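Dear colleague,

I am passing on the structure below, and my notes on what was found in it follow directly after. Please read them with the model open beside you.

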Amino acid sequence: MKKVGFFRSIQLKFIIIYILLLLVAVQVIGSYFAQKLEETLRTNFEESVDNNVKLTSTYLEQAFTKERSEDADEPNLQQDVQEIVSEVDKEKMSMQVVNNLGRVLATNDYSNMSNINKKTTKSIIQFALNHGEPRTKRLWDDRNKVRLLVKAVPIYNEKEIVEGAIYIETSIEGVYSQVETINQIFLKGSILAITVSAFLGILVARTITKPILEMRNQAQTMAKGDFTQKVNVYGADEIGNLAETFNDLNERLKHSYATIEEERRKLSSVLSNMSDGVIATDRTGAITLMNEAAGKLIGKSPEDIQGEFLPEVLQLGEKDVDITELHDSGSMIIDLSEDDDTFLIRANFSTISDDEDDVTGFITVISDVTEQEKVEQERREFVSNVSHELRTPLTTMRSYIEALTDGAWQDKNIAPKFLSVTQNETERMIRMVNDLLQLSKMDNKDYGLHMEKTDFIAYLNHIIDRFAMNEHEGIKLKRELPKGQFYVWMDKDKMTQVLDNVISNAIKYSPEGGAIRFKIEKQKHQLLVSIADEGIGITYEKVDKIFERFYRADKARTRKLGGTGLGLAIARELVEAHHGKIWAKSKVGKGTTIFFTLPLMNQKRRVDQ
């Protein structure tokens, strides 16, 4: 996270706000103080002027009302008034006294002596003479560039008749000079106060921003997954409560993070150990998550496939599939086969929704169902084959029975043949049903084995001798058996069934005058038994299929000889039940060889026996 500079920090904002508030307070207080100070000084000045005017007015009223004689040595009214006015300090105020006719009687300003005995035309004086009321004005003297206080006060006699008026002019610059001086002092004090306040504001702001900075640093630490640190609590105020809440949040997040991490590990472990593949996509179908099982199934690395489109990965592009409609299908079988390699997967689709039931993504679970589909296909083929194998003898029997019913039973030449065919088909169905029951038990691992120690060389000679007693069309039975005794642990009846099936097939498919070779080889821990005929042989691609149920290399020949198509399937089950293996090799026109192995009994087991 980018570090915040001082000029963009909340600390500077606190300081600026603090100083602005102080400036506003100082401005308001200063304005109010300056206004009241000016009013007070001006009022005091005017009261001082009024007092001087009142005192002078008292003397002038006495001079105006004084009785005078005809003596020439006695001063007249004008002289008395001039003497009184001369006592007024010219530096403080300029004063003129006029009579009731508006003529100037005296002045203390010697520069205006020329105005004596002249009639004044000043309106303020005329107002005082005419109305008998004092009048005050404040004027600006353009010549001297000063503010003046002008006042006209009427002079009364004993009968309250206006005898004249006093006119004064005085500068009030002193008042404003005092106000200016005090304002300068106040300004300097304000600047000093603001400076001190700014310093204090920095300290106060630091006390507020320091916990906030610590919480910011702690938040950055928490964002990295470290919940071990805590924020210091500096007090019980709102910042302290915020710090305590932040620490509580840290603990809750620590617990939640640990829970989520544990669940993530569980989910990762589940996904990693699932045999089924799991693919997660966003709402557009872009892959966001895939486990290893899914990668193995589709043959692509989970890391390399991130962001690819799911239908393309599952090779659904040619079907023009809408990703938003896949979940409606529930599941589908996808064929990923290549050439002769069959590979089928089942894909199950589901949606991921938020709290408002809006689709935010999709989950696809894929599994390999190749073997399952093969088993299902085999089951369908098995049912079809059983139905077909039973229908053939039943149809034959039905035809012959209908013929007998229609009167053929009366024909002594035909009736025995028809009954013989019906009996043979019935016996073949019985054998088929018995074989099916045996295979069903084997499918349920119910082999019913009665194991015993057996010398396999002597046992095989006995089986061959039994077949040799019934020569079939001149077929020779040749033996290539080693001398000695080789013991195996087996069920004689079940193994006899295996050998009967294999030898019977060899006899069926061997030509007249052919030979069947029996050979045994001792290997390290087992016996390898082979039975080879000189029959028609089987093509290479069909050799492994002869052990499948109802499979016939030559269907017409097998049915003619009464085979059920289950003999070698039973043989494979029984050999594998004895912990052996069975397989075949064949060349067309040269014959077929059946191989199977049986484990030899070890020395310890022989001694125990």
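Q218 counts as buried because its relative accessibility is 4%, where buried means under 20% relative accessible area, exposed means over 50%, and partly exposed lies in between, with a 1.4 Å probe and protein chains only. The residue Q218 has its place in helix α4; helices here are DSSP runs of H or I with at least four residues, strands are runs of E with at least two, and both are numbered from the N terminus. If neighbours within four places in sequence are left aside, Q218 is in contact with D226, Q229, K230, V231, F246 and N250, contact meaning heavy atoms within 4.5 Å.

Before going further, please note that this is a predicted model, in which local features need pLDDT of at least 70 and side-chain atom pairs count only at pLDDT 80 or more, while totals for chains, interfaces and linings use all residues. Residues are numbered from 1 along each chain as its sequence is written, and side-chain values use heavy atoms, with hydrogens and water left out.

**The nonpolar patch**

On the surface, Y18, L192, V196, F199, L200 and L203 form a nonpolar patch, and together they have about 570 Å² of accessible area, computed by the Shrake-Rupley method with a 1.4 Å probe and, for residues, with only the protein chains shown counting as cover. Patches are built from residues with over 30% relative accessible area and no salt bridge, like charges being joined within 9 Å and nonpolar side chains (Val, Leu, Ile, Met, Phe, Trp, Tyr) within 5 Å. Helix α4, which spans residues 173-223, supplies the largest share of this patch, namely five residues.

**Salt bridges**

In the whole structure, 16 salt bridges are found, a salt bridge being a side-chain nitrogen of Lys or Arg within 4 Å of a carboxyl oxygen of Asp or Glu. In one of them the side chains of R147 and E173 meet at 3.4 Å, N to O. This pair links distant parts of the chain, since R147 lies in strand β4 (residues 146-156) and E173 in helix α4, 26 residues apart. R147 itself is partly exposed, with a relative accessible area of 30%.

R265 forms a salt bridge with E261, and the closest N and O atoms are 3.8 Å apart. Both R265 and E261 lie in helix α5 (residues 238-273), where they are four residues apart, about one turn of the helix; R265 is partly exposed, at a relative accessible area of 48%. A further salt bridge joins the side chains of K519 and E521 at 3.3 Å, N to O. K519 counts as partly exposed at 32% relative accessibility, and E521 is partly exposed with a relative accessible area of 34%. Elsewhere, salt bridges that share partners join E261, R264 and R265 into one network.

**The mixed sheet**

Five strands form an open sheet in the order β12-β14-β15-β17-β16, with mixed pairing; two strands pair if DSSP finds at least two bridges between them. The edges are held by β12 (476-480) and β16 (582-587), each of which has a single partner strand, so one side of each is left without a neighbour in the sheet. Neighbouring strands of this sheet are turned by 15° against each other on average, direction ignored.

Strand β15 (residues 526-532) and strand β17 (residues 591-599) run antiparallel and are joined by seven bridges, with P599 in β17 as the bridge partner of Q526. Helix α11 (residues 456-468) lies across β12, β14 (515-522), β15 and β17, and runs at about 170° to β12, where axes are lines fitted to C-alpha atoms, for helices over the stretch in contact, and angles run from 0 to 180 degrees between N-to-C directions. Helix α12 (residues 492-509) lies across β14, β15 and β17, and runs at about 170° to β17.

**The antiparallel sheet**

An open sheet of five strands has the order β7-β6-β10-β9-β8 and antiparallel pairing. Its edge strands, β7 (287-290) and β8 (331-335), each pair on one side only. Strand β6 (residues 277-282) pairs with β7 over three bridges in the antiparallel sense, and in β7 the bridge partner of T281 is I287.

With best regards
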